[in-house]
Amino acid sequence: MNRTTPVIPQEEIRRQREYCAQIRTLNSRLPGTPAAYVDTYGCQQNEADSELIRGMLAEMGYEMTDTDKDADVIVINTCAIREHAEQRVLGNVGALVHGKRRNPHQIICLCGCMAQEAHVVQKLRQSYRHVDLVFGPHALWKFPELLYRVYLRRGRVFETEDSDGAIAEGLPVRREPEVILKEIRDLVEQGYKDITLLGQNVNSYGKDLGEDIDFPTLLERADAIPGEFLLRFMTSHPKDATEKLFDVMARCEKVAPVIHLPFQSGNTRVLQAMNRRYTREQYLDKVIALRARIPDVVLTSDVIVGFPGETTQEFEDTLSLVEEVRFDALFTFIYSPRKGTPAAQLPDPMSKEEKAANFNRLVEVQNRISLEKHQAYIGTVQRCLVDGESEDPRNNLNARTPGGRLVHVSGDPALVGRFVDVKIVDCSTWALFGELL
């Protein structure tokens, strides 16, 4: 992470606001308020980017809608992690052609990581001609300018060259600690109660800043901010999940007792083939060190089944690691090849049927463990944040434990956004059921 990113001059930021104003003027001449729909795929960073896009669209005079049906502008914010997800996105984008036929003035945009994949861009150019604007994450800051170019109908707009990216606020990608802490303070002052620090390898933060700060230190400084709120972070990489981090998590009151620590495979040879830079034994040692400090920590993880060359016995090592660690939840995937990656060139003798059978075995094991973990909550009292309403009339509110476990409760909708004490009375594999105290 030694690459630097150009700082966007403030005059450029002002110019983007001028484009927002020009589009707002155009929209004000319409008979009604135009609608915009933003659909997000992939990681939480994409969710954060979509919030920025929605903010820009609101400044341009659009009203947000939760469906593409009647939207005047549609923005699809994509990820480029798995081939299956890529095909799903392209399928959904293809289906938008019907709405475009009904409303030829509709503007369809595709952005995010997929927009920088050369083969995807080629497909969009040739087979998805109803898509008007395509741009990568590096061009997010100038979305108003790109959209204005589409308004002027100077042909389809593609801003897809590979780049390190830029931050619209005029900041470098390597976020300085003072900026992060100010953002947290601002969020707390606005009433936010649950704040997540995001990064591809979030606990590697600080290594490229050239100053004496690391991720545990940043957490400590964030924990000292006054107010009632919880701090979460993801995604962690085991190679940088240190005992210092675990110590800070244990003593900081506002740092949630939960960590997402992907292990991907329980076999050391497969981990080496994945270039994960740790062994099975090292991962288990980290789990032991973490639970020695936070015995009730909620631990979740990612695992890939069927990495090229994985044998049945090596998969058994993954199962045994899951049984030994007893994760609260797993995000499980069958390996999906990606063009241009070293893994895509590896021999892969295991059949799809064998991989699917192994995947199903893994899911069965984890579902049993998740249910057993949830059963242990019954009878306990949890301090939960009510974070929304539910469609279930029996339990009309959803809440979260400090460890992020979903709790269904019944109560006054006015409690949304508040911390409450909940007695856990029942559970399922995927959720807890409670009563407000």
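This is a predicted model: local features need pLDDT of at least 70, side-chain atom pairs count only at pLDDT 80 or more; totals for chains, interfaces and linings use all residues.

Analyst: Happy to; let's go from the overall fold down to single residues.

User: Thanks! How many helices and strands are in the chain?

Analyst: The chain has 13 helices and 16 strands.

User: And how does the radius of gyration compare with that of a compact globule?

Analyst: The two agree: a compact globule of 437 residues would have a radius of gyration near 22 Å, and the chain has 23 Å. Along its principal axes, the C-alpha trace spans about 60 × 55 × 50 Å.

User: What share of the residues is buried?

Analyst: Buried residues make up 48% of the 437.

User: Let's go inside. Which residues touch the most other members of the largest nonpolar core?

Analyst: Those are Ile184, Phe215, Phe233, Ile259 and Phe327, in a core of 51 residues. Apart from that core lies another one of 25 residues, including Cys20, Tyr62, Ile107 and Phe135.

User: Which residues does Phe215 touch?

Analyst: Leaving aside residues up to four places away in sequence, Phe215 touches Leu197, Val202, Asn203, Tyr205, Phe233 and Leu245.

User: How many residues of strand 4 are buried?

Analyst: Six of the six, residues 107–112, so strand 4 is largely enclosed by the rest of the structure.

User: Which strands are joined to strand 4, and do they run parallel or antiparallel?

Analyst: Strand 3 (residues 73–78) runs parallel to strand 4, with six bridges between them. Ile76 has Leu110 as its bridge partner there. Strand 5 (residues 133–135) also runs parallel to strand 4, through three bridges, and Cys111 is paired with Phe135.

User: Nice. Switching topic: what do strands 12-13-14-16-15 form?

Analyst: In that order, the five strands make a closed barrel with mixed pairing. From one strand to the next, the twist averages 50 degrees.

User: How many bridges join strand 12 to strand 15?

Analyst: Five, and these two strands, residues 381–389 and 419–427, run antiparallel. Cys384 stands opposite Val420 in strand 15.

User: Now the backbone. Where is there a cis peptide bond?

Analyst: Between Met234 and Thr235, where omega is about 0 degrees. Thr235 sits in the loop between strand 8 (230–234) and helix 9 (243–251). For context, most peptide bonds are trans, and most residues other than glycine have a negative phi.

User: Is Asn275 buried or exposed?

Analyst: Asn275 is exposed, with a relative accessible area of 59%. Arg326 also has a positive phi, near 60 degrees, and lies in the loop between helix 12 (312–325) and strand 11 (329–334). Arg326 counts as partly exposed, at 28% relative accessibility.

Methods: Residues are numbered from 1 along each chain as its sequence is written. Side-chain values use heavy atoms; hydrogens and water are left out. Two strands pair if DSSP finds at least two bridges between them. Helices (H or I, at least four residues) and strands (E, at least two) are DSSP runs, numbered from the N terminus. Axes are lines fitted to C-alpha atoms, for helices over the stretch in contact, and angles run from 0 to 180 degrees between N-to-C directions. A nonpolar core is a set of buried Ala, Val, Leu, Ile, Met, Phe, Trp, Tyr and Cys residues joined through side-chain atoms within 4.5 Å. Buried means under 20% relative accessible area, exposed over 50%, partly exposed in between (1.4 Å probe, protein chains only). Contact means heavy atoms within 4.5 Å. The radius of gyration is taken over C-alpha atoms; the globule rule is 2.2 Å times the number of residues to the power 0.38.
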